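Please look over the structure below with attention to the contact between its chains and to the surroundings of its ligands. A short briefing follows.

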Amino acid sequence: MSETVQRDEESVVDDALVEVTNLKTYYGEGGLLSDNPVKAVDDVSFGIRRGETLGLVGESGCGKTTLGRTLVQLERATAGSVSFDGTDVTELSGDDLKNWRRNAQMVFQDPESSLNDRMTVGEIVREPLDVHDWNSSRERRQRVRELLETVGLREEHYYRYPHQFSGGQRQRVGIARALALEPEFVVLDEPVSALDVSVQAKILNLLEDLQDEFGLTYLFIAHDLSVVRHICDRVAVMYLGNVMEVGDGEELFDDPANPYTHSLLSAIPTPDPTSQRDRITLRGTPPSPRDPPTGCPFSTRCPAKIRPEAHADIDDDLWERIEVLREILRERNRADRSLTERARELLGMDTRFSDIDEILQEVFQTPAGTDAGTGTEGTTESGDPLAGVPSTVSEPIERAAEHVRSGEEGRAREVLREEFGSECDTEMPAHHEVSESDRTSLCHRHKFEHDEPSAFFERTVFDG
Amino acid sequence: MSSRMLHRDRRRGGPILSVEDLRTAFFTDKETIRAVDGASFEVHKGETVGIVGESGSGKSVTARSIMGLIESPGEVLDGRIRFRDRGTLERFADSFSGKTVDVAGIDDDEHAATAGNDDFVFVEEWSGNDPSGGYVDVTRASPSALRKLRGNGIAMIFQDPLSSLNPVYTVGNQIKEALRLHQGLRGRAATEEAVNLLEAVSIPDAKRRITEYPHQFSGGMRQRAVIAMALACEPEVLICDEPTTALDVTIQAQILELLNGIQEERGLAIVFITHDMGVMAEVADRLNVMYAGEIVETAPIEELFANPKHPYTQGLLESIPGRHPDDDRLRTIEGDVPTPNEPATDCRFAPRCPEAFEECEAVHPVSVPVNEGTNDHTAACLLYPEDESREAAVETHRRRGSNSEVSIDE
Ligand SMILES: Nc1ncnc2c1ncn2[C@@H]1O[C@H](COP(=O)(O)OP(=O)(O)OP(=O)(O)O)[C@@H](O)[C@H]1O
Ligand code: SF4
Ligand code: SF4
Ligand SMILES: [Mg+2]
C-alpha cells in the first residue's frame, strides 16, 4: 500500500521555493575529530512551497536550528543541495552569496541575546541595509521607520536600546530587522518560545499578517506543537538529524504515521483538564548525534519497534525490560568514553563493570509497573533474577551477562542485538509515502509485511 | 480522573500550608516593586495546587517567600505563611521552645498579638505535654529555623537543575550529604539509600550513576537527581518552580509522570508553578491565577478551564492556540503587564480589561466567591459575586478592601 520514494531526482513538492536534497551538515569535520563528527543534519530531503509556512519540530539537539542555519547559508552544508528558486545556494560564494543572502533571513529564538545591546533599535534594524549599501542613508532611515511601524512599534522607539524593551517588543525588533531587505524566505527559529502566551499570540498574528502582506515563505522552527498547528501549512518532524515525517499539518496532527510523531504528539499536555488521553512515555533520551544507532534513528526509544519473529509472543512488560537492559549497556559504553579524563580517579574502582548481576536484579526483579517510585521496596535479594523468565529469553541474556563478566561489553551488546534485534536495529528505513497528499514517513512498519504504526498503537496503547 | 477525586477527599483534613495576605516587595534604587501584593491560597495534603501567570507576575517570589529565601533588597512585608505538619510542630516546639507560644483557645486573629516579637511556633492543641495541633509561621521564623524547615518540611525544585547541584561533587555525594543532614545516614547506609532514591526517580544503572558528576547527566536526568535530593529530605510539601520548562516534551512527560508517582506514594502536597496551561491542566487539582502580584482567580482546575470568571483568566485562556480552531487569528489581550509600584487602589487589570467600568479605577477588588452557591471558586473582580447587583458588589469590594487596609496598618 505504501511505496518507497526515490527522492534524489524528482521534485519533492510542486511549486517549491526551497528544495532540500540529501542535505547533511556535520560539525567537527576536518579537525582532529574528523572520523567522529556530530551528525547534526543527516541526509534530509524536503521542499518548501512558495508562500507557505513549513513547521519544523523535534526535541532539542535534533538538528532543527542547524538545518535552519544551513538553509540560509549561515552554516556550510557537508553534502547535498539547497536549491532556492532553482539555484543551488550551497555552491554560491563571494558576491553571489552576499547578494543571495538578501533573499533569506533568520529570526532567532532568544530576544534577550540576539540583539546587540549597545546599538539603538534604529541601528539594529538599519544594519542589514548598511551592509548591503541599500539606497541613500536618508532613504534607509525612512525605511527603518516604516519597518518599525509595520511590526507594531512606534517611531520614537528608534533611539531606544533593546534592554528598555519587553521580550515581545524585542522579538518585533528582530522581525523588523529580518524584513529590512525584503526577503522572500524567512527562517523563524523558535520566535515565540521565550514569550508568554498572551504576547506570543500577538507575535503569531503579526507573522501571519506580514506573510500575507509581503508574500513571505516561512520555515517555522518550534517545539510547541499547538503553535505549529496553528500557524503552519505543512510540518516536518525531526529526530536525531533525520526528518521522520513530513506532510500536511492537519493530517499529520490528526493521523500521525510515524511512531516518533505518535510519541511526540502524545507527550504534549493539552490545555484541557478533562482530557483522558493515554500517554506514550518514551524511555531515556535521544542518542548522541556523534554515535547514532545503526538502523532506524528512533530504534533505541521506539515503542513500536518491530520484534524478531522468534520473540513475537513475549509479553510487553518483559520486552520492555529487555530493551532497558540493552539501553543500560549502550549507555555504559557511551559513559565509558567520556570517562577517560577521570581514569585516575577510577583506578582501583573495579566494581563499575562487574555488577551485571545487580543490573539484572534491578531490571528483571523489580515488580512490574513500578518505574516511577517504588524503588525503595524490597526485592528478593538472593536468587536468580531471571528465574521467572522463559528460557528463550533468559538463555541469551545469560550468554550476554557472561561476556560482561569477562569484560567484553561489546560482545554482550552484539549477542543481545542478534537475539532481540530486528531490521529496526540494522537497516535504515526508507521514506514511505503515507497519504494522498505526498506525506512521507521514515519507518519499516510501512512495509506491507508489518502492521502500520497506527494499528500497532491502537492495539497496544489503547487496549493495554 | 479517579486520582483527582481522591485528592478532593484528602482535602477534608485542612490545609498543610496556608498563605495569607502575603506581601513581598523589592526596594531597588529606582523603584519599589510590590512583587507579591496580598496573595492568599491554601494547599492540602496530597493535592497539587497550581500557580499560573505571565512573566513577572510574582510566581517565583511567592515560592521563594514560602521557602524563606527572600534576600535584600527584597523583604516579606506582611502576611502569614502557616505550615501545619504535626511532626515539624513537635520537633520545632522542642528545638525552639523559647520561640513557641501557646495559643490554645485563642481566636485565630489574635495569634499575632499573643505572640512575642520573634515567636514563630504556635501551638493550638495539646495532648498531654506534647503539641498535637498548631503551625509554624514561616514569615516569622528565624534563619536557623528556616534552614531546618527547608531541609525537612518544605523542599523546592527550580527550573534550572544546575542551580541546585554542585558541579565539583558527584551526584551520589550530594544526595548522601542531604541524607546525612536530614536523616542522619552515613557510610554504606547512605550509599544504599542514595542508590534507592536514584532508582525511585527512575535513573537506570543507579549504582554507576551515583559516581558521576552533574555535567555527565542530561537535562532531564539532572532534574531527576534534584528531585531525588529533595526526597532525601522527606518533605511534606514540594514546591516546583517551572521544573519542566527547560526540558523537551518527551522528557517533560517523564518528569511529570515521576512527580505524579511520588506524590501518590508519599502523599506529598505540591505547589506547581508554570506558565504553560497545558502542563497545568495535567498536574493541578486547584489553580491560582496571578496577575501583577495578586491572585485574581482561584478554582478547581476543571471549573477554572470550563468557567473562567475573571476577565484576565478569560483572556489568558483565549490566547492559547487551538482553543478556537476555526479562527484564523489568535485572540489577544491588549497592552502589557504592569509592574506594581504602589499599593493598589484600583483594579490593576483595568487598563487592559474589555469589561472595565468606571469604578474599576477607584475601587480595589478583593477575592470574593463568584456567586452565592460556591465557595471554592473566587475572583478578585468587581463583577462578582455575579448574583449581586453591580452597586452591591462594588460596595462589598469597597468595604472589604478598606477593612483589610486597616488590618495591615495595625
Ligand atoms: N532580586 C530581585 N530584585 C529586584 N526585583 C526582583 C527580584 N526578584 C524578582 N523581582 C521582581 O519581582 C517581580 C516578580 O518576579 P517573579 O520572579 O516572581 O515573576 P514570575 O512570575 O516568577 O515570572 P517568570 O514567569 O518570568 O518566572 C518582577 O517584577 C521582578 O522583576
Ligand atoms: S523503523 Fe522500527 S524503530 Fe524506527 S520508527 Fe519504525 S518501528 Fe520504530
Ligand atoms: S474589576 Fe473591572 S477592570 Fe478589573 S477585571 Fe473586573 S471588570 Fe475588569
Ligand atoms: Mg519565575
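In what follows, Ala, Val, Leu, Ile, Met, Phe, Trp, Tyr, Cys and Pro count as nonpolar, Asp, Glu, Lys and Arg as charged, and the others, Gly among them, as polar. This is a predicted model, in which local features need pLDDT of at least 70 and side-chain atom pairs count only at pLDDT 80 or more, while totals for chains, interfaces and linings use all residues. Residues are numbered from 1 along each chain as its sequence is written, chains are lettered from A and ligands numbered from 1 in the order in which they are written, and side-chain values use heavy atoms, with hydrogens and water left out.

**Ligand surroundings**
- The shell around ligand 2 (residues with a heavy atom within 4 Å of it) includes A:Cys296, A:Cys302, A:Cys424, A:Cys443 and A:His444, and the shell divides into 7 nonpolar, 2 polar and 2 charged residues.
- Ligand 3 is surrounded by 13 residues, the closest being B:Cys347, B:Cys353, B:Cys360, B:Cys381 and B:Leu382, and this shell holds 11 nonpolar, 1 polar and 1 charged residue.

**Contact between chains A and B**
- Chain A brings 54 residues and chain B 57 residues to the contact, where contact means heavy atoms within 4.5 Å.
- Across the interface there are 3 salt bridges, each a side-chain nitrogen of Lys or Arg within 4 Å of a carboxyl oxygen of Asp or Glu.
- One salt bridge joins the side chains of A:Arg279 and B:Glu282, at 2.7 Å from N to O.
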